[in-house]
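Me: I am new to this structure. Please show it to me, then take my questions in turn.

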Amino acid sequence: ITDSKGVNGYYVYRATTPGGQTSTPETDFWIRGTSYVDTKITSGTTYYYIVRPVLGDNSFGTASNEVGVSYQRAITLKATLNTGNVTLEWNAITDSRGINGYYVYKATTAGGQSSLPETDFWIKGTSYVDTKVAPGTTYYYIVKPVYGDRSIGMPSNEVAVSCQKIYGTIQLTVGNAIMLVNGKLMEIDPGRGTAPVLKDARTMLPIRAVIEAMGGTVDFISGEQKLIIRWNGKTVYMWIGKTTITVDGVNKTIDVAPYYSDTGRTLVPMRFVLENLGCAIDWDGNTQTAIITYLLNSGTYYPPTPPETTTTAGIWAGVWYTSLGKLTINQNGIYITGSYGGSKTIEGVISGNTVYGVYTDRGCMGGFEFQIASDGQRFDGCYGSIEKQKRHWCEWDGKRESDPLFKYLKQVSSGIDDFSGIWDTDIGRMHITQNGSSVTATYKDNGVIRGTVSSNKLTGTFQLGKATGTIEIYLLDGNRKLIGHFGSNDTARQDWREFDGEKEN
């Protein structure tokens, strides 16, 4: 600025609340130019700044307008839930000091991460797969950059991941006497150091540790050199030195026979046994690691092994109006969770266009199966007791809620329209009063609307006599017209009654 007294420079003042600046400026000296870089900031904090000129007689001029700035973290972290692991991904950043890599931090409470990262080394890339996860546990992750001078940068956003509780995982590595069972490290053969080995291109291991970790049993009849393996309602018989096995009474042939190890343990071909029990096995040839996936609770209505990761991300997520009431579904990968009718819940797994799962209703549990239509807007389903055959189950159908008026929303990041005025509408003459974003309105004889405005949309509640519900109104055509709809929270928006109106001059 210019002034008859002259301008020595400018002072910058900062606060963390609007209008909260004190008389102490950010610098002990006035700033000669017209810019200032504030480096004393904390991630996630909003700062409010004003500037005042220092005139030639050292008096202060009028303060500037106030600006609020929320410092956003440079790293944005995202998480994907998989069977037996969580995949973390983030964006790369740059710094004048260089970037050595990144540290991942994990906790089981929000904000509870310690100073100890998940790895002893910094991660060179921008992704990390956490296999040390337990079904049914919620984890909270952040990522921090490691600069070229080895100092640690500001954290990313925190992401929360609730691990599915449908399938368990066990990881075993050739030559390693430790296995990873649902996120916990355990000895395969305590005190003996027995580890999986490769024989004739087959992974051999002491099967008892794995079967018992899965909740099954292994018995050995020494006189017959016979193993009896039971899990999830299936029974497998094997014999030392023989390539014939029986699965639920059916004879099968394997290409490597069970044998005694140097430590006196019986080793069996892992894949043949577990796949015949209904488990899934993946093999990582780089690390020679086998990953076993199995159903945690055999008394539930799920596929024995998890389906492949779905490519239809979020296809089930949303609000559905069903024959059993309003159902809200959340989807993460191939897993869904949801709630309906207050405290009733569902949990399931997606396979193609079908969800298989269980529901809980006032302490009772049953199974359900939904099949989504090709347009993604409806599903046909059924539910019932797991003990009953599916043909005796009841119907459970639904349609997805859609918002036919959403297309009228202005896509702006700030600012609101003014609904104030008298409107001639299909539902009667409407008198709207707006104070900031708060709105009250009257219509007909005793109808009342109360709500708030965001952009050009008014969202609120209405009451007309004994009738109550939700109402949404959009301003159009230079704020001279409006269109809206209203209805019950128990009814999908596409079934609400629509109305329109024009502003009176």
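Me: How many bridges join E39 to strand E40?

Reply: This is a predicted model, where local features need pLDDT of at least 70, side-chain atom pairs count only at pLDDT 80 or more, and totals for chains, interfaces and linings use all residues. Residues are numbered from 1 along each chain as its sequence is written, and side-chain values use heavy atoms, with hydrogens and water left out. Strands (E, at least two residues) and helices (H or I, at least four) are DSSP runs, numbered from the N terminus. Strand E40 covers residues 497–503 and runs antiparallel to E39, and the bridges joining them number six.

Me: In E40, which residue is the bridge partner of glycine 484?

Reply: Two strands pair if DSSP finds at least two bridges between them. For glycine 484, the partner in E40 is phenylalanine 499.

Me: Over how many bridges do strand E38 and E39 pair?

Reply: Strand E38 spans residues 467–476. Tyrosine 474 has isoleucine 483 of E39 as its bridge partner. The sense is antiparallel, and the bridges of E38 and E39 number seven.

Me: Which residue takes a positive phi in the hairpin of E38 and E39?

Reply: Four residues lie between the strands of this hairpin. The phi in question is near 50°, and the residue is aspartate 477.

Me: Why is strand E39 largely enclosed by the rest of the structure?

Reply: Buried means under 20% relative accessible area, with a 1.4 Å probe and protein chains only. Strand E39 holds residues 481–487. It is largely enclosed because, of its seven residues, the number buried is six.

Me: Which strand gives the most to the lining of the largest cavity?

Reply: Lining residues have an atom within 4 Å of a point of the cavity, a set of points on a 1 Å grid over the protein atoms alone where a 1.4 Å probe fits but cannot get out. There are 13 lining residues, and Gly84 and Cys163 are among the closest to the centre. With three residues, the strand that gives the most is E10.

Terms used
On a 1 Å grid over the protein atoms alone, a cavity is a set of points where a 1.4 Å probe fits but cannot get out, and a pocket is an open set with protein on both sides within 12 Å along at least five of seven lines; lining residues have an atom within 4 Å of a point. Buried means under 20% relative accessible area, exposed over 50%, partly exposed in between (1.4 Å probe, protein chains only).
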